[in-house]
Amino acid sequence: MKEALALARDAAARGEVPVGAVAVLDGRVVGRGANARESERDPTAHAELLAIRDAARTLGRWRLSGLTLVVTLEPCAMCAGAMVLARIDRLVFGASDPKAGAVGSLMDLSADPRLNHRFAVERGVLADEAGELLRAFFRARRGNGEEG
């Protein structure tokens, strides 16, 4: 989670919402991602998707069984859906997202029996630190007259 938080800080420094993610297999980081929607002008450039894509390239496969995704913020429906499709085994996240979280807050795609894959979830890891990064980012944006 410390590496994901560092990636989130890097994202904030680039004007991106501070979310970072790392993909881990057998104790080794095989994928990294930080939000890049603004810089890439891509609505799908979420930290989780970028880390999943990086891991798939590193491993040379799309089925990412055995993988743990560590992310600073609870994934949205798009990202949680990608985790299901990639067959990720486990998700570890920091701060919950009551407005868009799809792994327990608004819905729970990680455990939906209608889907063809489910994954384990560990919530709240370094949640205070991850949440404060987000709060500080949005406080600064509101102070500049920007929308959040």
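**Exercise 1.** How many disulfides does the count come to?

*Solution.* Let's start with the ground rules. This is a predicted model, where local features need pLDDT of at least 70, side-chain atom pairs count only at pLDDT 80 or more, and totals for chains, interfaces and linings use all residues. Residues are numbered from 1 along each chain as its sequence is written, and side-chain values use heavy atoms, with hydrogens and water left out.

Step 1: a disulfide is a pair of cysteine sulfur atoms within 2.5 Å. By this rule, the count is zero disulfides.

Step 2: look at Cys76, which is in no disulfide; its nearest cysteine sulfur, that of Cys79, is 3.8 Å away. Seen from Cys79, the closest cysteine sulfur is in Cys76, and 3.8 Å is too far for a bond.

**Exercise 2.** Is Cys79 buried or exposed?

*Solution.* Buried means under 20% relative accessible area, exposed over 50%, and partly exposed in between (1.4 Å probe, protein chains only). Cys79 has 0% relative accessibility, so Cys79 counts as buried. Cys76 is buried too, at 16%.

**Exercise 3.** Where do the buried residues of helix H5 fall, seen down its axis?

*Solution.* Helices (H or I, at least four residues) and strands (E, at least two) are DSSP runs, numbered from the N terminus.

Step 1: list the buried residues of H5: Ala130, Gly131, Leu133, Leu134, Phe137 and Arg141.

Step 2: these buried residues fall within an arc of 155 degrees, so they line one face of the helix. The arc is taken from the directions from the helix axis to the C-beta atoms.

Step 3: on the other side of H5, Asp128, Arg142 and Gly143 are exposed.
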